[in-house]
Amino acid sequence: MPKVPEPVVAAEATPPGKARPTKKKKLLIMVVMLVVVLAIAGAGGMWFLKKQRDAAAAESGDASVEAVVEQHDERPPTFMPLDNMVVNLADAGGERFAQVGITFEVADSKAEEKIKAYLPSIRNSILLVLSQRTATELLQREGKEKLAQDILVEASRPFGGVAKPAVAAGKGDTKKAHASVEPTGPVRRVLFSSFIIQ
């Protein structure tokens, strides 16, 4: 009997045009995945260490500006504009006056409602503080900053007292150190929306 050739059977059929992955490609993929996992773990570790360092710095009083900003709640502040105020200044002759637009930065709308309850008293105090200034004082940046601090003190008064003064060192020996205040009431900052002196 003649020998019939046996059909040739391929061990594994691969579709035409697709090459079978080799061990080198598998190894390369595994190495790339390992590098990505290590990079993610390293970034997470750096983030965790930075948070711990910022928290430790905040406790010791050496907090960076970024750390302090991150600690505040991320809600945007609420701004409460007051009506413009016109007042005669304390210059000789009484002919100079100022028109000042003031905006309070407050934590939220609840704080704004608290302020509205005391607004006539706060406006009166602000007008008294403004009328004690001279045009020369208010034309200088330092005079405006001092006025904003004094207004913040007056805005804090109805809510349990005057803001706590904290002495900040001035620049150079010739300038005096001036006091900056921290709010004790719902008003966080005093901003000027307009400032006209005539």
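Buried stands for a relative accessible area under 20%, exposed for over 50%, and partly exposed for values in between, with a 1.4 Å probe and protein chains only.

The model is predicted, and local features need pLDDT of at least 70, side-chain atom pairs count only at pLDDT 80 or more, and totals for chains, interfaces and linings use all residues. Residues are numbered from 1 along each chain as its sequence is written, and side-chain values use heavy atoms, with hydrogens and water left out.

The protein chain contains five helices and six strands. Helices (H or I, at least four residues) and strands (E, at least two) are DSSP runs, numbered from the N terminus. Along the sequence, their order is α-α-β-β-β-α-α-α-β-β-β. Of the 198 residues in the protein chain, 24% are buried. Among the contacts with a separation of 6 or more, 64% are between residues 24 or more positions apart; contact means heavy atoms within 4.5 Å.

In helix α3, the buried residues are Ala111, Glu112, Ile115, Leu119, Ile122, Ser125, Ile126, Val129 and Leu130. These buried residues pack against β1 (78-81), β2, β3, α5 and β6. An α-helix has 3.6 residues a turn, so residues three or four places apart point the same way. Not counting residues up to four places away in sequence, Ile115 touches Met80, Phe104, Val106, Ile122, Phe159, Pro186 and Val187. At the start of α3, the backbone nitrogen of Lys110 has a side-chain oxygen of Asp108 within 3.2 Å. The helix bends by about 70° at Tyr118, and Pro120 follows within four residues. The bend at a residue is the angle between axes fitted to the seven residues ending there and the seven starting there.

Two aromatic pairs are found in a search of the whole structure. The ring centres of Tyr118 and Phe159 are 5.1 Å apart and the planes stand at 75°, so this pair is edge-to-face. Rings of Phe, Tyr and Trp (its six-membered ring) pair if their centres lie within 6.5 Å, and planes under 30 degrees apart count as stacked, over 60 as edge-to-face and the rest as tilted. The pair links distant parts of the chain, with Tyr118 in α3 (residues 109-131) and Phe159 in the loop between α5 (141-156) and β4 (164-168), 41 residues apart. Tyr118 is partly exposed, because its relative accessibility is 38%. The other pair is formed by Phe192 and Phe195, whose ring centres are 5.1 Å apart and whose planes are at 90°, so it is also edge-to-face. Phe192 is partly exposed at a relative accessible area of 27%, and Phe195 is partly exposed at 21%. Lys144 lies over the face of Phe195, at 5.1 Å from the ring centre; for such a placement, NZ of Lys or CZ of Arg is within 6 Å of the ring centre and within 35 degrees of the ring normal.

Ala148, in helix α5, is buried because its relative accessible area is 16%.

Glu105 is located in strand β3 and is buried, with a relative accessible area of 10%.

Arg133 lies in the loop between α3 and α4 and counts as buried at 9% relative accessibility. The C-alpha atoms of Arg133 and Phe97 are separated by 9.9 Å, at 36 residues apart along the chain.

Terms used
Polar contact = N/O pair within 3.5 Å; in protein donor to acceptor, adjacent residues only side chain to side chain.
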